[in-house]
Number of protein chains: 2
Amino acid sequence: DILAAIKEHIDTGALPLKIQQNGPLAGKHVVITAGPTHEPIDPVRYIANRSSGKQGYALAKEAVKAGAKVTLVSGPVTLNAPSGVERISVETAQEMHEAVANVLPADIAIMAAAVADWKVANQGTEKIKKQADGSLPSLEFSENPDIARFVGHHESQRPKLVIGFAAETTNVEEHAKAKLTKKNTDWIIANDVSPETGIMGGDRNQIKIITRDGIEAWDDMPKGDVARKVIEKIAKTLSK
Amino acid sequence: DILAAIKEHIDTGALPLKIQQNGPLAGKHVVITAGPTHEPIDPVRYIANRSSGKQGYALAKEAVKAGAKVTLVSGPVTLNAPSGVERISVETAQEMHEAVANVLPADIAIMAAAVADWKVANQGTEKIKKQADGSLPSLEFSENPDIARFVGHHESQRPKLVIGFAAETTNVEEHAKAKLTKKNTDWIIANDVSPETGIMGGDRNQIKIITRDGIEAWDDMPKGDVARKVIEKIAKTLSK
């Protein structure tokens, strides 16, 4: 109904937020990536993933509320940008990589996007057609840039706090610890996105935060609450 | 702003339409497919296409207004179902095929969905991970059911009027004529979905209608106008 539409409109951030001018992140520049990337196969087809962008957008909203200057580099999603956020919309991993490289320096990088590991190397310039002989298409892949690793290893402009994400369906902690080291991030926020958890695309999240000091396992909660608590933890860490 | 949100809410059909109880399609059952299909690669990744579902949904809305009973078999889109339409939501081509088979008999079938020609034969049961040795994933494909061909060749329940779609980027008319024959449809509605036309995902369409009698080329117009005129042409054809 109309009331629900209005409520959704307000919830998605079209009205001004209460920004804390002297909030805990005042004067900080936060770069956040969010959503999926789309990797073209031909002019009409592409490879996508089930990321909705909700967790990244919630983080952007909470960072603005905490007084930060927020740049949100977003893959294709159906969400409105929270007000006060500068959004840069991209489609592919390559475009996201270039946009992130471009918006540095930043004090904090939160790499929440579900970036495609691979792109299609043999993209069709025209729509791939069914063949009369029933032969099947053959896709060749090549590796996309690793944006979190690029930021974590940046020699001149590494943000003080670099946070990667690990969306896994098996061995969540093990994969997350490996990513922390390989990408040289300060934290990895890990979750189990097996379909039965309903996390990818859903409104709730259950995360573990892997740091160099250990692991915190958080309860299942709405993505907005995860975002608020993560921003609080960031502010606390930077104030040390 | 809020007014725009309310207007969009109304435009997308949440309010009752003016249904013509004695409209030109009163007493007819129309099956319409719309949107893309998503073909899973693993639990988080899938192959998609740029269909928004807008043309199919506009056709469903106009068919209801013309008095028809409308069943809309829809792939994953962000549109609301027009009111008065029974929507069946599916994800894959296989699911769409089964849903269409299930809702027959119908008087008219309008196959506007952009159904994936192929599915991934070697789907991963867990998220495919980057390999330490840099080796790349290899996808194997198999052919999806051809839903328009199934309906066009149905021995016991072929609708009186079967309309297929051809979204092409080259040789549009040639491909459309081949589809008319191969799928045994009465019409093919063809368009050029090369990215520079802005048709796929956009609000306007420029179509050609290929029938057994010849070709009609329509001007570029909003998808809502295309829908209204197609439904008028259907009513006229059935009244002959």
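Buried here means under 20% relative accessible area. The views below show a predicted model.

**View 1. Burial of K183(A) in the predicted model.** K183(A) has a relative accessibility of 10% and so counts as buried. The residue belongs to helix α5 of chain A, which covers residues 172-183.

**View 2. The side-chain pair K183(A) and D146(A).** The two side chains are joined by a polar contact of 2.8 Å. D146(A) is also among the residues in contact with K183(A) once neighbours within four places in sequence are left aside.

**View 3. Surroundings of K183(A) beyond its sequence neighbours.** With residues within four places in sequence set aside, K183(A) is in contact with D146(A), A148(A), R149(A), G152(A) and H153(A).

**View 4. Fold and extent of chain A.** Six helices and 14 strands make up the secondary structure of chain A. With a radius of gyration of 19 Å, close to the 18 Å that the globule rule gives for 240 residues, chain A is as compact as a globular protein of that length. The C-alpha trace spans about 65 × 50 × 35 Å along its principal axes.

View 5. Among contacts with a separation of 6 or more, 64% are between residues 24 or more positions apart.

Note on methods:
Residues numbered from 1 in each chain as written. Chains lettered and ligands numbered in written order. Predicted model: local features only at pLDDT ≥ 70, side-chain atom pairs only at ≥ 80, totals over all residues. Heavy atoms only, no water. Helix = DSSP H or I, 4+ residues; strand = E, 2+ residues; numbered from the N terminus. Buried < 20%, exposed > 50% of the residue type's maximum accessible area, 1.4 Å probe, protein only. Polar contact = N/O pair within 3.5 Å; in protein donor to acceptor, adjacent residues only side chain to side chain. Contact = heavy atoms within 4.5 Å. Rg over C-alpha atoms; globule rule 2.2 N^0.38 Å.
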